[in-house]
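Reader: I would like to go through this model by question and answer. Please keep it short.

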There are 2 protein chains.
Amino acid sequence: MDVAIVTVGDELLAGRTTNTNATWLCERLVDRGVAVERITTVPDRIGEIARVVNEYRAEYDSVIVTGGVGPTHDDVTMDGVAAALGRDLEEHPAALAWIVEEGGYAREDLTDGTADLPAGARPLHNGVGVAPGAALEGVYVLPGVPAEMRGMFETIESEFTGQKRFREVVVADEPESALLERLEALRTEFDVSVGSYPGNSVRVSIESTDEATVEAAAAWLRERVDSSGRGT
Amino acid sequence: MDVAIVTVGDELLAGRTTNTNATWLCERLVDRGVAVERITTVPDRIGEIARVVNEYRAEYDSVIVTGGVGPTHDDVTMDGVAAALGRDLEEHPAALAWIVEEGGYAREDLTDGTADLPAGARPLHNGVGVAPGAALEGVYVLPGVPAEMRGMFETIESEFTGQKRFREVVVADEPESALLERLEALRTEFDVSVGSYPGNSVRVSIESTDEATVEAAAAWLRERVDSSGRGT
């Protein structure tokens, strides 16, 4: 299973907010064996959201969209997804009822549009805030506020499953360029994905869907690198 | 001037690294009056990089690409950009000479390919690490290691200029939904962009290319919201 994540928000594109929502979602999805193929941040503009959601919907199994789903004029995430799917936004009676009955909000205090979802969508309840999310045709719309996004994702997490990948990290206190032949040999000897990340030491990441293969590959490499901790 | 940022890296898509490079670049670009229209993270795969770089090159004034530019097999950023531009990778003599003369590396210690750039590219020197970046046809390739990326961006920063935008933030200790009419009036009265970000208080962001307009709009709103600090 592969997914794309679309994070909507001018504040992300202005560098005022770091995209920790994407990091959190990726970590949870990868833990479930799901591959994340794209993370894209788009402005708070309906047409831009619709275009990217439609492109990714055609290409990946699911698209997770996070962004403003509240009542203000810049909360256009739901509008963008509705446009992508060619649906109108409609008040969802069950979503509205949930907010009143479970959320404890008086119906008359709710802003018009709070429970508007693309026609035909399944509502996703917001256990932390007010505005609901939505799921429809492989597109999931979650709030941009991190606590709300996390709480809502946990209610749908079981819908994301893939083949679990195993991973080990070998730390080498050598320059990355010195490791090239051994990394190449590692990839030839074992059926694993290898990534190397330089820093004070080089972190070599070894991944596979087979746990024993990863362990064997990591052991092979550990015997062949300097891990004295003296640094490079 | 508008730009797109492409951040290359499996470690970002796995949620092991948060994309602080994008945050930093956006902040610097927006400070210079440049609009960032997209931030997209793609895997360490040449074809995926090439596809996204080409799409954005057609749409925006510049594309800034960050990712692995070192010597290991997963450092495919330069290959992806070369593919996007239909160029071969070639050793750039001046980039190589710079690494040896300014970087203090012995030529024989450098891994083959260290100074390979798309044919015709201008080399960008790496004052912090080794591998150079590249600039060609509006595409800028920077390293993924944050310190190297930042140092290199500062050497090209003056090539990014736009119309400076001014911004003020008004904090309101009211529920966001209670503010709707005043935010709408603010947008009608003044020619400004308005964003509202809920939290313990609501932060209302007011932006325009005219400083006096932003100040007047912020003063107008401050007179009309509860900013007692009592929270919502």
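Reader: How many bridges join strand β2 of chain A to β2(B)?

Author: This is a predicted model, in which local features need pLDDT of at least 70 and side-chain atom pairs count only at pLDDT 80 or more, while totals for chains, interfaces and linings use all residues. Residues are numbered from 1 along each chain as its sequence is written, chains are lettered from A and ligands numbered from 1 in the order in which they are written. Strands (E, at least two residues) and helices (H or I, at least four) are DSSP runs numbered from the N terminus, and two strands pair if DSSP finds at least two bridges between them. β2(A), residues 35-42, and β2(B) run antiparallel, and the bridges joining them number 3.

Reader: Which residue of β2(B) is the bridge partner of Thr41(A)?

Author: The partner sits across the chain boundary, in β2(B). Thr41(A) is bridged there to Ile39(B).

Reader: How many residues of chain B are in contact with chain A?

Author: Two residues are in contact if their C-beta atoms, placed from the backbone, lie within 7 Å. Chain A gives 39 residues to the contact. For chain B the number is 39.

Reader: Which elements of chain B give two or more residues to the side that touches chain A?

Author: Nonpolar means Ala, Val, Leu, Ile, Met, Phe, Trp, Tyr, Cys and Pro; charged means Asp, Glu, Lys and Arg; the others, Gly among them, are polar. By these classes, that side of chain B has 17 nonpolar, 14 polar and 8 charged residues. The elements are α1 (10-13), α2, β2 (35-42), α7 (180-189) and β10 (193-197) of chain B.

Reader: α2(B) also packs against α6(B). Are they roughly parallel or roughly antiparallel?

Author: Axes are lines fitted to C-alpha atoms, for helices over the stretch in contact, and angles run from 0 to 180 degrees between N-to-C directions. Under 35 degrees counts as roughly parallel, over 145 as roughly antiparallel, 65 to 115 as roughly perpendicular and the rest as oblique. α2(B), residues 20-31, and α6(B), residues 146-156, pack at about 20 degrees with axes 10 Å apart. They are therefore roughly parallel.

Reader: Is the crossing of α2(B) and α6(B) left-handed or right-handed?

Author: A crossing is left-handed if the near helix is turned anticlockwise from the far one by less than a right angle, and right-handed if clockwise. The crossing of these two helices is right-handed.

Reader: Which residues of α6(B) make the contact with α2(B)?

Author: By class, the contact has 5 nonpolar, 2 polar and 2 charged residues. α2(B) brings Thr20(B), Asn21(B), Trp24(B), Leu25(B) and Arg28(B). From α6(B) come Pro146(B), Met149(B), Arg150(B) and Phe153(B).

Reader: Which strands stand at the edges of the open sheet in chain A?

Author: The sheet has 3 strands in the order β9-β11-β10, with antiparallel pairing. Each edge strand has a single partner, so one side of it is left without a neighbour in the sheet. The edge strands are β9 (166-172) and β10 (193-197) of chain A.

Reader: Which residue of β11(A) is the bridge partner of Gly195(A)?

Author: β10(A) pairs with β11(A), residues 202-208, in the antiparallel sense over 5 bridges. In β11(A), Gly195(A) is bridged to Ser205(A).

Reader: At what angle to β9(A) does α8(A) run?

Author: α8(A), residues 211-222, lies across β9 and β11 of chain A. To β9(A), the helix runs at about 5 degrees.

Reader: Which residues of α8(A) make the contact with α7(A)?

Author: The axes of α7(A), residues 180-189, and α8(A) come within 11 Å and cross at roughly 150 degrees. That makes α7(A) roughly antiparallel to α8(A). Arg182(A), Leu186(A) and Glu189(A) are the contributors from α7(A). α8(A) supplies Ala217(A), Trp220(A) and Leu221(A).
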